[in-house]
Amino acid sequence: MALDTIVAAIAAEADAEAERIASEAGERVAAILSEARHRADDEQVHWERSRAEETDLAVSGIVNRARLEADRRVADAREALFQDAMKRLEVRIRHMVDGTDYPGILRSLHTEAVVVVSDPDATILVRPADRGLAGRIARERGMNGTVQGVLDCIGGLDIEAADGRSVRNTLDSRLAQSERRLRRLAVQLIPEMSPAESEP
């Protein structure tokens with residue numbers, strides 16, 4: 001299975017999860033913004049009875065603090081929503097690893113890795129459950145190095161050559177590398193995730 005297909009599958013899963021939580025996200029962010037703006041409005045009405053310069057400064061400070069607090073709470077809510085979506089995506093990837101497509105995915109990851117480290121005697125590191133499959137893939141491709149089932153990861157592999165060259169191609173590392181792209185995708189699918197939403 002080509003890497004683009006893997007990334008597309010991950011993105012499709014992210015799309016589905018993002019759409020599912022969009023309504024909840026909107027309600028949470030709207031509630032936080034509404035509460036903060038009401039606080040700022042209430043304080044402003046209270047202090048507008050006196051127009052002294054000192055009072056105006058106090059009002060400005062209160063309003064600014066309320067807006068900063070609203071921004072902080074909205075940012076925290078956005079990050080919590082994104083991290084929740086990432087956890088759900090990781091669960092789906094773990095289910096995919098348990099399915100029939102995983103051998104093809106591991107083959108694709110191996111193909112990519114040997115482009116970077118082409119040493120036929122390189123050591124292949126995988127999770128213990130993948131040792132047999134990785135060994136078969138390596139032998140099919142004429143690789144003679146050892147296969148070690150030592151990684152604690154979702155799936156995928158690392159390859160290390162004797163000369164110190166190495167490549168990390170686990171699903172965990174690929175997911176981490178995709179985080180920025182997934183954040184952009186979340187902003188596109190959930191308008192409440194955009195920082196512009198917190199502007200007064």
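Colleague: Which residues of helix H4 are buried?
Modeller: This is a predicted model. Helix H4 spans residues 131–140. Buried here means under 20% relative accessible area. In H4 the buried residues are Leu133, Ala134, Gly135, Ile137 and Ala138.

Colleague: What do the buried residues of H4 pack against?
Modeller: Their partners include a helix, H3, at residues 102–116. Two strands also take part, S1 at 123–126 and S2 at 147–149. So, with contact meaning heavy atoms within 4.5 Å, the buried residues of H4 pack against H3, S1 and S2.

Colleague: Are H3 and H4 parallel, perpendicular or oblique?
Modeller: The axes of H3 and H4 lie 10 Å apart. The angle between H3 and H4 is about 50°. Under 35 degrees would count as roughly parallel, and 65 to 115 as roughly perpendicular. That angle therefore makes H3, relative to H4, oblique.

Colleague: What is the hand of the crossing of H3 and H4?
Modeller: Take the two helices as a pair, with an angle of about 50° between them. The crossing of H3 and H4 is right-handed.

Colleague: Which residues in H3 meet H4?
Modeller: On the H4 side, the residues are Leu133, Ala134, Ile137, Ala138 and Glu140. Among these, Leu133, Ala134, Ile137 and Ala138 are buried.

Colleague: How wide is the arc that the buried residues of H6 cover around the axis?
Modeller: Helix H6 runs over residues 179–189, and its buried residues are Leu182, Leu185 and Ala186. These three sit on the same side of H6, because they cover an arc of only 100°.

Colleague: Which residues are exposed on the other side of H6?
Modeller: Leu182, Leu185 and Ala186 are buried in H6. Exposed means over 50% relative accessible area. On the other side of H6, the exposed residues are Arg180 and Gln188.

Colleague: Is arginine 174 buried or exposed?
Modeller: Arginine 174 is in helix H5, residues 171–177. Its relative accessible area is 15%. The cut-off for buried is under 20%. So arginine 174 is buried.

Colleague: What distance separates the C-alpha atoms of arginine 174 and glycine 156?
Modeller: Arginine 174 and glycine 156 are 18 residues apart along the chain. Their C-alpha atoms are separated by 9.3 Å.

Conventions:
Residues numbered from 1 in each chain as written. Predicted model: local features only at pLDDT ≥ 70, side-chain atom pairs only at ≥ 80, totals over all residues. Heavy atoms only, no water. Buried < 20%, exposed > 50% of the residue type's maximum accessible area, 1.4 Å probe, protein only. Helix = DSSP H or I, 4+ residues; strand = E, 2+ residues; numbered from the N terminus. Arc of directions from axis to C-beta. Axes fitted to C-alpha atoms, helices over the stretch in contact; angles between N-to-C directions. Parallel < 35°, antiparallel > 145°, perpendicular 65-115°, else oblique. Left-handed = near helix turned anticlockwise from the far one by under 90°.
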